[in-house]
Amino acid sequence: MSRAAAGSRPASPVALVTGASGGLGQALALELDALGCRVAVHYRSSAEAAHAVAAKLTHDHTVVGGDMGSWSEAQALNAHVERELGPIDVVVNNGAVRKDQVMAMQSPADWEEVIRTNLLGTFHTTRVALPGMLRRRWGRVVNIVSPSGIIATAGQTAYSASKAGVIGMTRTLAAECGRRGVTVNALSPGFMITGMTRELPERIMDDMAGKAPVPRFVTVEEVARAMSLFLDQDCMTGQVLSIDSGVSVT
């Protein structure tokens, strides 16, 4: 398909950000709002935090809850966003859980929950919005992954497997959608101060930061600024953009 056959970017795209009640999710929602998007702020359990994020947005927005590991709840979320804002043009799959443990000691239930939320949830939220994007011949899917999906981290077999799976899905889906104006990319942040990393002892956090070529944690705002690139670039698809202080190359 020629470039002329692709659809045009909406004046005010509707963007869904999953897991938007957390630190990175909030930064992503705010950045998309600054770029002129109407943002659907998703949460799984932190409704109060999600509404606090929504209160900072300047354009039309909505707050929606749901477990993206459930296909029926993903369908209900899509219907809610379409009713409140219109069809989804941009999906940012940021919602995730991490339950670290060496495989020999990890419960099957914990392993399954990580895969269900991180990998299957990414499929669900993308799948409900994708047909509309393809019909309109314009759309953006941005999957938030991790250096753990690329490099080995002991104790993270479930998390690493889920993020590596999302990277593989990103690349293959990009090949399926490019001719209809829909790009699919992944964004891989480095170590950030978020709800996930606050659980770690300070000495471990200092050690993690010190091993990076740029020896500091990445800010959520630095990561979120990539949204402009993803929205603007029609020819960038199937890529993993790492903003990680160089962790993934060490």
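Strand β6, which spans residues 182-189, is mostly covered, with 8 of its 8 residues buried. The structure described here is a predicted model.

With strand β5 (residues 139-144), β6 pairs in the parallel sense over 6 bridges. Within this pairing, isoleucine 144 has leucine 187 of β6 as its bridge partner. The two strands also belong to a right-handed β-α-β unit, formed by β5, helix α5 (residues 157-177) and β6. Strand β7 (residues 240-243) likewise runs parallel to β6, to which it is joined by 4 bridges. Here serine 188 stands opposite serine 242 of β7.

Helix α3 was examined next. This helix comprises 14 residues (71-84) and reaches 20 Å from its first C-alpha to its last, close to the 20 Å expected at 1.5 Å a residue. Its buried residues are Ala74, Leu77, Asn78, His80 and Val81. These residues lie on the same side of α3, because they cover an arc of only 160° around the axis. Following α3 is glycine 86, which has a positive phi near 120°.

Note on methods:
Residues are numbered from 1 along each chain as its sequence is written. This is a predicted model: local features need pLDDT of at least 70, side-chain atom pairs count only at pLDDT 80 or more; totals for chains, interfaces and linings use all residues. Side-chain values use heavy atoms; hydrogens and water are left out. Buried means under 20% relative accessible area, exposed over 50%, partly exposed in between (1.4 Å probe, protein chains only). Two strands pair if DSSP finds at least two bridges between them. A crossover is right-handed if, with the strands pointing away from the viewer, the path from the first strand over the helix to the second runs clockwise. The expected span of a helix is 1.5 Å times one less than its number of residues. The arc is that of the directions from the helix axis to the C-beta atoms.
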